[in-house]
Amino acid sequence: MSGLEEQLKKLFPDHQPLEEEKEEILPHELFVQKEPMICKYEKRKGKPTTIISGYEGEDEDFKILAKEIKSKLAVGGTFKDGEIIIQGDYRDKIMKLLQDKGFKTKRVGG
């Protein structure tokens with residue numbers, strides 16, 4: 001028992017602590033669409049960027065997907081106006097990641 005719990009026990013000897021309820025955290029299921037997601041390459045302000053668009057599900061799901069892509073590739077990026085913008089040309093790696101999750105992809109540009 002920690003010191004705080006002992007002090008509380010002395011102050012309130014009749015109190016019975018409640019059992020902590022553990023919530024089961026279910027993994028979030030992403031909406032997998034039939035239409036392919038567009039994966040294109042652009043140069044913005046002279047820097048290469050990969051843009052993923054065409055997701056039909058909720059914006060929150062797309063944000064979760066953006067975060068996952070950024071962390072797996074260890075790159076910077078953002079979610080803006082219904083598009084995921086990744087710094088650098090990572091089309092092949094991103095398309096592989098999306099296909100592993102069950103998405104269809106379409107490569108656009110170069």
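This is a predicted model: local features need pLDDT of at least 70, side-chain atom pairs count only at pLDDT 80 or more; totals for chains, interfaces and linings use all residues.
Residues are numbered from 1 along each chain as its sequence is written, and side-chain values use heavy atoms, with hydrogens and water left out.

**The whole chain**

Begin with a cartoon view. The protein has 3 helices and 5 strands, where helices (H or I, at least four residues) and strands (E, at least two) are DSSP runs numbered from the N terminus. Their order from the N terminus is α-β-β-α-β-β-α-β. Of the 110 residues, 26% count as buried; buried means under 20% relative accessible area, exposed over 50%, and partly exposed in between (1.4 Å probe, protein chains only). Among contacts (heavy atoms within 4.5 Å) with a separation of 6 or more, 54% are between residues 24 or more positions apart.

**The nonpolar core**

Select M37, I52, L65, I69, I94 and L98. Within the largest nonpolar core, which has 18 residues, these six touch the most other members. Such a core is a set of buried Ala, Val, Leu, Ile, Met, Phe, Trp, Tyr and Cys residues joined through side-chain atoms within 4.5 Å. Two or more residues come from each of β1, α2 (59-73), β4 and α3 (91-100), and α2 gives the most, with 5 residues. Now centre on L98: leaving out residues up to four places away in sequence, L98 touches M37, I52, L65, I69, F103 and T105.

Select E83, in strand β4. E83 is buried yet has no salt bridge, and the nearest side chain of opposite charge, R44, is 4.1 Å away. A salt bridge requires a side-chain nitrogen of Lys or Arg within 4 Å of a carboxyl oxygen of Asp or Glu; for charge, Lys and Arg count as positive and Asp and Glu as negative, while His and the chain ends are not counted. Residues up to four places away aside, E83 touches K40, R44, I51, I52, S53, F62 and T78.

Step back to G82, in the loop between β3 (77-80) and β4 (83-87). G82 is partly exposed, at 31% relative accessible area. Beyond its neighbours within four places in sequence, G82 is in contact with I52, S53 and F62. Show Y55 as well: the C-alpha atoms of G82 and Y55 are 7.7 Å apart, although 27 residues separate them along the chain.

**Salt bridges**

The structure holds 7 salt bridges. Select E42 and R44, which form one with the closest N and O atoms 3.1 Å apart.

Next, select D92 and R107, whose side chains meet in a salt bridge (2.3 Å, N to O). D92 lies in helix α3 and R107 in strand β5 (residues 105-108), so the pair ties together parts that are 15 residues apart in sequence. D92 is exposed at 53% relative accessibility, whereas R107 is partly exposed at 38%.

Move to K96 and D100, another salt bridge (3.1 Å, N to O). Both lie in helix α3, 4 residues apart, which means about one helical turn separates them.
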